[in-house]
Amino acid sequence: MSKLIQFVANHDDLSTDKGFQFKFYCDKCRNGHMSRFQPNSIGIAGELMRAAGSLFGGSFYDAGTAAYHVQRAIGGKAHDAALEKAVQAGKTYFRQCTRCGHWVCPNVCWNHSAGLCETCAPDEHEELASQQAQATSEQIHTKTRQQDYTKEVDFLNKGGLAQCATCQAKLTAGQKFCAQCGTPSPMAQGKEKFCSDCGASMKHDQRFCAECGSKQ
């Protein structure tokens with residue numbers, strides 16, 4: 001019966017015909033550990049010789065056979081032994097949670113006081129800070145929607161949109177004069193006449209303002 005090998009759920013096999021190497025990852029944050037390179041000296045020479053013979057001594061069809069021999073050079077007992085050795089060394093860099101079974105890095109994803117991974121037992125200070133930040137974001141979201149930012153906007157556009165004829169500044173509905181240059185609003189012209197100096201209401205046939213006396 002084959003031996004059960006732990007700690008192989010999250011790993012990359014980087015082995016080549018030159019030797020064996022593996023990269024192991026934390027199940028939570030994906031931080032990793034690279035195993036030491038182990039040269040492949042068991043049976044590699046014979047298999048690579050067969051691979052070369054299949055590729056260069058036969059037809060193009062034999063390229064598949066060559067790939068098979070290269071795979072045999074990489075795999076087999078030497079590969080399994082190298083993996084088991086790398087697993088034993090790699091396990092020392094991670095902790096296994098007895099609740100969920102995940103292997104995690106001790107510096108970032110392990111709750112030392114609880115003896116469990118932080119997925120199963122979040123750090124109380126980190127969790128509090130996270131929840132406070134989330135609550136703050138939710139409250140800002142709610143309060144900004146309670147505030148009316150459009151009460152001055154004419155959604156029905158009853159007064160129409162206009163620009164100052166002199167400086168092209170935007171004019172709001174009911175605005176008598178341009179706030180930038182003082183030019184009378186085109187929306188007010190033809191309806192009412194106002195003094196260009198003091199803004200007092202005037203009749204259309206008035207030549208002087210009754211309030212300030214300025215000539216119009």
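Reader: What relative accessibility does Cys181 have?
Author: Cys181 falls in the partly exposed class, between buried (under 20% relative accessible area) and exposed (over 50%), with a 1.4 Å probe and protein chains only. The model is predicted, so local features need pLDDT of at least 70 and side-chain atom pairs pLDDT 80 or more, while totals for chains, interfaces and linings use all residues. Residues are numbered from 1 along each chain as its sequence is written, and side-chain values use heavy atoms, without hydrogens and water. The relative accessibility of Cys181 is 38%.

Reader: Is Cys109 buried or exposed?
Author: The relative accessibility of Cys109 is 1%. With that value, Cys109 counts as buried.

Reader: At what distance from the sulfur of Cys109 is the closest cysteine sulfur?
Author: The closest cysteine sulfur to that of Cys109 is the one in Cys29.

Reader: How many disulfides does a search of the whole structure find?
Author: Over the whole structure, the number of disulfides found is 0.

Reader: What is the strand order in the open sheet of 3 strands?
Author: Strands are DSSP runs (E, at least two residues) numbered from the N terminus, and two of them pair if DSSP finds at least two bridges. Pairing in this open sheet is antiparallel, and its order is β1-β3-β4.

Reader: Which are the edge strands?
Author: Each edge strand pairs on one side only. They are β1 (11-13) and β4 (32-34).

Reader: Which residue in β3 stands opposite Asp12?
Author: β1 pairs with β3 (residues 22-25) in the antiparallel sense, over 3 bridges. Opposite Asp12, β3 places Lys23.

Reader: How far apart in space are Ala165 and Ser185?
Author: Ala165 sits in the loop between β10 (162-163) and β11 (170-171), and this residue is exposed, with a relative accessible area of 67%. In sequence, Ala165 and Ser185 are 20 residues apart. From C-alpha to C-alpha, their distance in space is 8.2 Å.

Key
Disulfide = S-S within 2.5 Å. Helix = DSSP H or I, 4+ residues; strand = E, 2+ residues; numbered from the N terminus.
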